[in-house]
Amino acid sequence: MPQPVSLKGSVLSLSILKVASADIDQVTQALADTTSKAPAFFKGLPIVIELDVTIEDPMFLALLVEFLHQQELVPIGVRTQEKGVIEQANYAGLAVFDPKDKPHVDKALDSAAPVVDAEAKSLPQTAMMVRGAVRSGQQIVAKDRDLVIKGSVNPGAEIIADGHVHVYGAMRGKLFAGSNGNVNARIFVQKFDAELVCIAGFFLLADDIAPAYRGQAVEIYLVDENVRFEILS
């Protein structure tokens with residue numbers, strides 16, 4: 001007879017939402033603006049809250065948690081050592097994480113640092129090859145390896161790889177590299193015009209990407225948890 005419950009180790013992706021304002025209205029408006037740009041991307045995203053300001057409103061955390069639920073985000077806990085915030089977290093039923101812990105990353109909100117509780121797996125040398133265009137609505141996933149697209153990626157399409165990504169055409173959809181937490185993954189695009197680009201969870205939406213890189217051949221990588229671009233000559 002199987003046991004009624006069991007606990008097993010697994011990779012769990014969380015996202016750190018860094019809050020830099022004590023004004024709940026300002027915070028919720030900024031969140032609404034961010035999530036509205038890519039609602040499908042944020043839906044169901046587990047969130048850990050990290051407060052970078054002193055919070056005096058005893059209801060701040062409860063109001064923020066309620067708003068996150070309204071946006072279909074899933075608040076899990078807070079990263080803090082502040083006694084008052086811990087009391088609010090306990091009242092709201094949230095876990096409390098030590099901010100000194102530095103977990104690996106996976107998904108982020110704005111400048112938030114996403115987390116993953118296991119190291120990235122080593123990747124084999126073989127890559128997944130896709131010949132031709134990736135159509136709108138298609139999703140291509142390269143698990144535990146690199147991904148090579150010998151064609152263009154249309155708006156509304158998603159390409160996802162645990163390793164590096166190479167696109168030998170126009171990139172107009174959503175692009176994910178290092179999706180298992182591999183912060184060393186890189187992206188190479190012949191003609192960049194993506195809706196969203198993400199490496200190991202650190203991402204930029206189209207509006208946040210400098211226009212200078214649009215239509216260019218680029219290499220994309222992480223430096224100190226920031227997505228960086230370099231135009232290829």
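Student: Which residue in S12 stands opposite Ile-160?

Tutor: Strands of a sheet pair through backbone hydrogen bonds, and the sense is either parallel or antiparallel. Here Ile-160 stands opposite Phe-176 in S12. The model is a predicted one, in which local features need pLDDT of at least 70 and side-chain atom pairs count only at pLDDT 80 or more, while totals for chains, interfaces and linings use all residues. Residues are numbered from 1 along each chain as its sequence is written, and side-chain values use heavy atoms, leaving out hydrogens and water.

Student: Where do the strand labels come from?

Tutor: Helices (H or I, at least four residues) and strands (E, at least two) are DSSP runs, numbered from the N terminus. Two strands pair if DSSP finds at least two bridges between them. Strand S10 (residues 158-161) pairs with S12 in the parallel sense over 3 bridges.

Student: Which other strand pairs with S12, and over how many bridges?

Tutor: S12 also pairs with strand S14 (residues 196-199), in the parallel sense and over 4 bridges. In that pairing, Val-197 of S14 is the bridge partner of Leu-175.

Student: Which way do the side chains of S12 point?

Tutor: In a regular strand the side chains alternate between the two faces of the sheet. In S12 (residues 174-177), Lys-174 and Phe-176 point one way, and Leu-175 and Ala-177 point the other way. All four are buried, where buried means under 20% relative accessible area, exposed means over 50%, and partly exposed lies in between (1.4 Å probe, protein chains only).

Student: In what order do the strands of the open sheet run?

Tutor: The order is S7-S9-S11-S13-S16-S17, with 6 strands and mixed pairing. Strand S7 (127-131) and strand S17 (226-231) are the edge strands, each pairing on one side only. On average, neighbouring strands of this sheet are turned by 25 degrees against each other, direction ignored; the axes are lines fitted to C-alpha atoms, for helices over the stretch in contact, and angles run from 0 to 180 degrees between N-to-C directions. Within the sheet, S9 and S11 pair in the parallel sense over 3 bridges, and His-166 in S11 is the bridge partner of Val-148.

Student: How many salt bridges are there?

Tutor: Side chains of opposite charge can pair when their charged atoms come close. A salt bridge is a side-chain nitrogen of Lys or Arg within 4 Å of a carboxyl oxygen of Asp or Glu. By this rule the count is 7. One of them joins Asp-162 to Lys-143, with the closest N and O atoms 3.7 Å apart. This pair links distant parts of the chain, 19 residues apart: Asp-162 is in the loop between S10 and strand S11 (165-171), and Lys-143 is in the loop between strand S8 (139-142) and strand S9 (146-150). Asp-162 counts as buried at 3% relative accessibility, whereas Lys-143 counts as exposed at 52%.

Student: What does the salt bridge of Glu-219 and Arg-186 tie together?

Tutor: The side chains of Glu-219 and Arg-186 meet at 2.5 Å, N to O. Glu-219 lies in strand S16 (residues 218-223) and Arg-186 in the loop between S12 and strand S13 (187-192), so the pair ties together parts 33 residues apart in sequence. Glu-219 counts as buried at 11% relative accessibility, and Arg-186 as partly exposed at 32%.

Student: Which residues of helix H3 are buried?

Tutor: In H3 (residues 60-70) they are Phe-60, Leu-61, Leu-64, Val-65, Phe-67 and Leu-68. They lie on the same side of H3 because they cover an arc of only 165 degrees around the axis; the arc is that of the directions from the helix axis to the C-beta atoms. After H3 comes Glu-72, whose phi is positive, near 65 degrees.
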